[in-house]
Protein chains: 2
Amino acid sequence: VRPGSRALAISQDRLTEKIFLQGLGLGTAPFAAVEDLTSLEEALVDVGVPAILKARRFGYDGKAQVALDHAGKAAAALSALAGVPAVLEGRVAFTREISIVAARGLSGATVAYDIAENQHREGILLRSRVPAGVEADIARQASAAADAILSALDYVGVIGIEFFVVEEGGGARLLVNEFAPRVHNSGHWTEDACLTSQFENHVRAIAGWPLGATTRHSDVVMTNLIGSDADAWAAIAAEPTAGLHLYGKREARPGRKMGHVNRLGASRSRK
Amino acid sequence: VRPGSRALAISQDRLTEKIFLQGLGLGTAPFAAVEDLTSLEEALVDVGVPAILKARRFGYDGKAQVALDHAGKAAAALSALAGVPAVLEGRVAFTREISIVAARGLSGATVAYDIAENQHREGILLRSRVPAGVEADIARQASAAADAILSALDYVGVIGIEFFVVEEGGGARLLVNEFAPRVHNSGHWTEDACLTSQFENHVRAIAGWPLGATTRHSDVVMTNLIGSDADAWAAIAAEPTAGLHLYGKREARPGRKMGHVNRLGASRSRK
């Protein structure tokens, strides 16, 4: 099975994931395991507030997590998660959120797409912009983190890794937020701005093909169509620089990802 | 039914097609209808040699046609076509072969992709190159011919139109070779070099959507993988600028189109 069960086992448990990332020497938000009220109260001392209490498993798009602004709300937060094993994460004062989509082939070769800068709304990815407004050193750090994670997992396939950019002592530093062992929403722009999309590279990887080039031919902004956003599909389809992707879901519930649109900007000259 | 039965009726009969094109004031190779040896001998006088005797229906990729280099071979050519209704076409001394892929929407709006320059081998398209090495005036003539054909047919969908470029009296002129009422092999480069491919624009047209932009972001050469050419798929997949498309046909017979590859060149700057 590719990518392999280990990547899944680690990434589907927020605590295991953070311990794995720390073991690779990668920065994360401060965190502590939470089993009950006692451990949550200890965690609040270690991690501090503001913090976020997250279920260790089965959370995505901001689901199964509770913000904790002061320690007096510990019991209420715990009961909101119905007592499932959790992790308390310190809220990070980040300046930007970025992500990298990378792939590792059967031979161990890796490729990475350009860094995307992400904007969330109510815990859900709203927009990814490429190029991201980050310095070259930050992009190198993200790429190195991707290589470390892919290699440690002996991974085969496409991975998406989300980071916080934090300013510390005059320099910018990366903290890994989480990784997803699959094609990633923040990489959907590759469908329209690259010769080889993340989807093709995932299939190439797991089929043992050489990985395709991740060269980007155009600047691009990917915007998720969430809930009723998708009602505007006809107007979007008429935009001259828009690539529209609808998922065919029948019902547009609030917060539900119904599709996305890639809006291309300037083409990039290639040597 | 879209594109509509009229486009099919005209384009599937080489004689009807040429009469239709002439009626629009578009240039074609000299031609004459052939029913039997008598009409073929008369046609040879009108059209001259060298010429090509083509079945009026069911010919593609150079099938069902016979070259006629001198009039003495008339009977042999006719029997090679087994007596089906035919058309004699004068062989055109062209300098280039080009094509345009265009689309017309339900509203009557038309779009066209950039002109491709085509190279055939044994009657089968081998390679399409974009940009084509033709002057702006030739591109305008091709685009105007596409508009005239689409409008006269009240067409809905994508069409492919092939032309010969001939030099006459110091200037270049276009002759229409034939048109195909569908997505066209010489437009397969649009899959990897444009935001909206010819396939998407065909679906948009027949579904009544606005047509997508035909802007090209990269230079490109499309090469058909004919017969055993497709055996090189693994090497092609490893090329950093190649988009590989295989059709999944089980048997690679000589002359059979097994796939194609789009090789991207420089990106184009867009304002």
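This is a predicted model: local features need pLDDT of at least 70, side-chain atom pairs count only at pLDDT 80 or more; totals for chains, interfaces and linings use all residues.
Reader: Which side chains would you take as a case within chain A, meeting at 3.8 Å?

Author: A salt bridge asks for a side-chain nitrogen of Lys or Arg within 4 Å of a carboxyl oxygen of Asp or Glu, and the side chains of Glu35(A) and Arg56(A) meet in this way at 3.8 Å, N to O. The pair links distant parts of the chain, 21 residues apart, with Glu35(A) in the loop between strand 1 (31–34) and helix 3 of chain A and Arg56(A) in the loop between strand 2 and strand 3 (65–68). Glu35(A) is partly exposed, with a relative accessible area of 49%, whereas Arg56(A) is buried, with a relative accessible area of 18%.

Reader: Where in chain B do Asp229(B) and Arg121(B) lie?

Author: The side chains of these two residues, Asp229(B) and Arg121(B), meet in a salt bridge of 3.7 Å, N to O. Asp229(B) lies in the loop between strand 11 (218–226) and helix 8 (233–237) of chain B, and Arg121(B) in strand 7 (residues 116–121), so the pair ties together parts that are 108 residues apart in sequence. Asp229(B) counts as partly exposed at 29% relative accessibility, and Arg121(B) counts as partly exposed at 40%.

Reader: What does Asp13(A) do at helix 2 of chain A?

Author: Asp13(A) caps the N-terminal end of helix 2, with a side-chain oxygen lying 2.9 Å from the backbone nitrogen of Leu15(A). Within that helix (residues 14–23), Arg14(A), Leu15(A), Glu17(A), Lys18(A), Phe20(A) and Leu21(A) are buried, and just after the helix Gly25(A) takes a positive phi of about 80 degrees.

Reader: Which residue other than glycine has a positive phi near 60 degrees, and which has one near 50 degrees?

Author: The value near 60 degrees belongs to Ala82(A), which lies in the loop between helix 4 (74–80) and strand 4 (86–90) of chain A and counts as exposed at 64% relative accessibility. The value near 50 degrees belongs to Asp154(A), found in the loop between helix 5 (136–152) and strand 9 (157–168) of chain A, and Asp154(A) counts as exposed at 54%.

Reader: Is the peptide bond from Val49(A) to Pro50(A) cis or trans?

Author: The bond is cis, with omega near -5 degrees, and Pro50(A) has its place in the loop between helix 3 (37–47) and strand 2 (51–55) of chain A. In chain B the peptide bond from Val49(B) to Pro50(B) is cis, with omega near 0 degrees.

Reader: What polar contacts involve Lys257(A)?

Author: Lys257(A), in strand 13 of chain A, makes a side-chain polar contact with the side chain of Asn185(A) at 2.8 Å, and its backbone oxygen lies 2.6 Å from a polar atom of the side chain of Lys249(A).

Reader: How is chain A related to chain B?

Author: Chain A can be laid on chain B with an RMSD of 0.0 Å by a turn of 180 degrees and a shift of 0.1 Å along the axis, and that is the relation of a two-fold axis. The contact takes 25 residues from chain A and 25 residues from chain B, and 100% of the interface residues of chain A are also interface residues in chain B, so the copies meet through the same surface.

Reader: What area is buried between the chains, and what share do carbon and sulfur atoms give?

Author: The area buried between chain A and chain B is about 2,000 Å², of which carbon and sulfur atoms give 58%. Across this interface the rule finds zero salt bridges and three residue pairs in polar contact. Helix 8 (233–237), strand 12 (242–246) and strand 13 (257–267) of chain A each supply at least two residues of the side that touches chain B, and by class that side has 14 nonpolar, seven polar and four charged residues.

Definitions and conventions
Residues are numbered from 1 along each chain as its sequence is written. Chains are lettered from A and ligands numbered from 1 in the order in which they are written. Side-chain values use heavy atoms; hydrogens and water are left out. Copies are superposed by least squares on the C-alpha atoms of residues with pLDDT of at least 70 in both. Contact means heavy atoms within 4.5 Å. Buried area is the accessible area (1.4 Å probe) that two parts lose on being put together, summed over both. A polar contact is a pair of N or O atoms within 3.5 Å; within protein, one must be able to donate a hydrogen and the other to accept it, and residues adjacent in sequence count only if both atoms are side-chain atoms. Helices (H or I, at least four residues) and strands (E, at least two) are DSSP runs, numbered from the N terminus. Ala, Val, Leu, Ile, Met, Phe, Trp, Tyr, Cys and Pro count as nonpolar, Asp, Glu, Lys and Arg as charged, and the others, Gly among them, as polar. Buried means under 20% relative accessible area, exposed over 50%, partly exposed in between (1.4 Å probe, protein chains only).
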